[in-house]
Amino acid sequence: MADDSIAVVDLEQCQPDRCNYECANFCPPNRTGKECITTRDERYEENDVYQGTDDQIWISEELCLGESCGICVEKCPFDAIQILNLPQELDQEPVHRYGENSFALYGLPAPQEGRVTGILGPNGIGKTTAVHILADELAPNLGQVGTEPNWDEILDAYRGTELQGYLEAMREGNVTVARKPQYVDQIPDQFDGSTRALLERTDERDVLDELVERLNIAPVIDQNIDTLSGGELQRVALAATLAREADFYFLDEITPYLDISQRMTAARLIRELAEDENRSMLVVEHDLAILDLLADAIHIGYGQSGAFGIITPPKSVKNGINEYLSGYLENENMRIRETDIEFEEHAPASNSTGETVVEYPSLEKSYGDGEFSLSVEGGKIRENEVLGVVGPNGIGKSTFAKLLAGRLEPDVGEVNARLDIAYKPQYVEIDQPMRVDAFLSSITNEFGSSYWNTEIAQPLQLDPIMEQNLTDLSGGERQRVAIAACLSEDADLYLLDEPSAHLDVEQRVRATTAIRRYAEHNDATAMVIDHDIYMVDLLSDRLLVFDGEPAVEGHATPPQGMREGMNEFLSNLDITFRRDERTGRPRINKPGSQLDREQKNAGEYYYSP
């Protein structure tokens, strides 16, 4: 194989007991008597330590003919093999490789004191590996599988780069790290106690009271961790991380389960810690509006999920995000996506004259004296539309959905039509010990049909995980399965609560495509609750806006057009957006800036006309 190719075997997918080694039997070099594809038992010596089992395959990257052949990839019944060409422009050796036929990482982000560095890229391309290295939890092997280079070799490899000083300090043990986990819903599995107990044991900077107040954690400070919602867990995790005394803070996805106001608060806290205390902040984030506001510079990550990842040198935030959306990295002369991601203002389409699915009167619902209450103005939901639902957390969006479904009875008003609602909850909890394909086939008879594959499985990239167990899926994989399960049901209304959580940018766009196409092709109606303005912007035909005082009282106006709805929503938050002049993407105006003041004076919070 050429030096610019890589062979990767997914050992979780490789199942030799269920195949006849078609990959080896049809391999052209093998058929000429060479040992290009063999078993690991045949490859390694008896005392060697290696990944996988004896009967799983090993591929010689020296003998493999490369991506242009690809016969083994085609013949493998379990999609366990990837033969990939690396970019011709790649002129560096791997930072780390986990083993032969395993994932390889090229490039590292460079933390800088007093700055917030962002990483933007798909899931599965090595962002977490990079952090493990920077946190001194994984020694980079420089691609030398089977041997570990000493620190002198590592420092020589980075001499003269921005990383030299950081790695030297790390070698001397002079770097401390604080990390916020990606999946905050797993915190209750690791800590059994109250919120206060968790935060007090991490408060090394004596800032706990300030963080509790600014992140609005006081209402849950004495509750047990296992009673908190996803949004509360996210804020507690952020407080616990920022309270630590560290040189380097790694924050993996700060926005899931937070509304836009809470996201802005989190962004301000991170920037203040970087600027006021000269700390290094590294943030992995898929909410581009928040990343744009938060970061001083960004690294773009690209590659092939589970096979290899490449981290670019730092770029300016604006140019980096725009290049990422266009799918072409200018300095690297590299196309990372076949098509660009475009944003445009929504004009009324067929949904403006579509039949009414449900017309509901003004409704009121109270949970009792001193408890939450909701009032909803009457409105119509139309066939063949995607209705975006926006508003703070704890404002009554889920209560409204239950009223429509007949699962709650209103105190005032009556919903005549009882809708059959397919519901994807905000927090995806999958604990069934069954395979993905078995789970989805139990929901719909359309499973596996050409229509279902085209409209649901392909855009949600389900094929690679069909044979995995539900309990083994990552957060992003669970989210995609949950979206597919919701859309596969036979329903009048499809309600998806925060489908963007734990999805990367491309996956969010694909999920958007699946939801919109399903609504258009099936005369179906979807309601999507989300806090990612990019996803709301791409997805929605109209908006249903909730406001009020979270956990106290909520109010909803009738569904309205995108501009009117976003102006109402953002004015409640005192936030203005503009469109990027090059890509049309939403960008948050810096509070108090000239453009922010001009748009507020004109009453145009959602872009200038």
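**A pocket and a helix pair**

Five elements, α11 (230-242), α12 (260-277), α15 (397-405), β23 (542-549) and α21 (562-573), each give at least two residues to the lining of the second largest pocket. Here helices (H or I, at least four residues) and strands (E, at least two) are DSSP runs counted from the N terminus. This is a predicted model, in which local features need pLDDT of at least 70, side-chain atom pairs count only at pLDDT 80 or more, and totals for chains, interfaces and linings use all residues. Residues are numbered from 1 along each chain as its sequence is written, and side-chain values use heavy atoms, with hydrogens and water left out.

The lining of this second largest pocket draws its largest share, four residues, from α15. Sorted by class, the lining holds 13 nonpolar, 16 polar and nine charged residues; Ala, Val, Leu, Ile, Met, Phe, Trp, Tyr, Cys and Pro count as nonpolar, Asp, Glu, Lys and Arg as charged, and the others, Gly among them, as polar.

As for α15 itself, seven of its nine residues are buried, meaning under 20% relative accessible area with a 1.4 Å probe and protein chains only. Those buried residues are K397, T399, F400, A401, L403, L404 and A405.

Elsewhere, the contact (heavy atoms within 4.5 Å) between two helices pairs Y451, T454, E455 and I456 of α17 with A514, R517, Y518 and H521 of α19. By class, four nonpolar, two polar and two charged residues make up this contact of α17 with α19.

Technical notes. Buried < 20%, exposed > 50% of the residue type's maximum accessible area, 1.4 Å probe, protein only.
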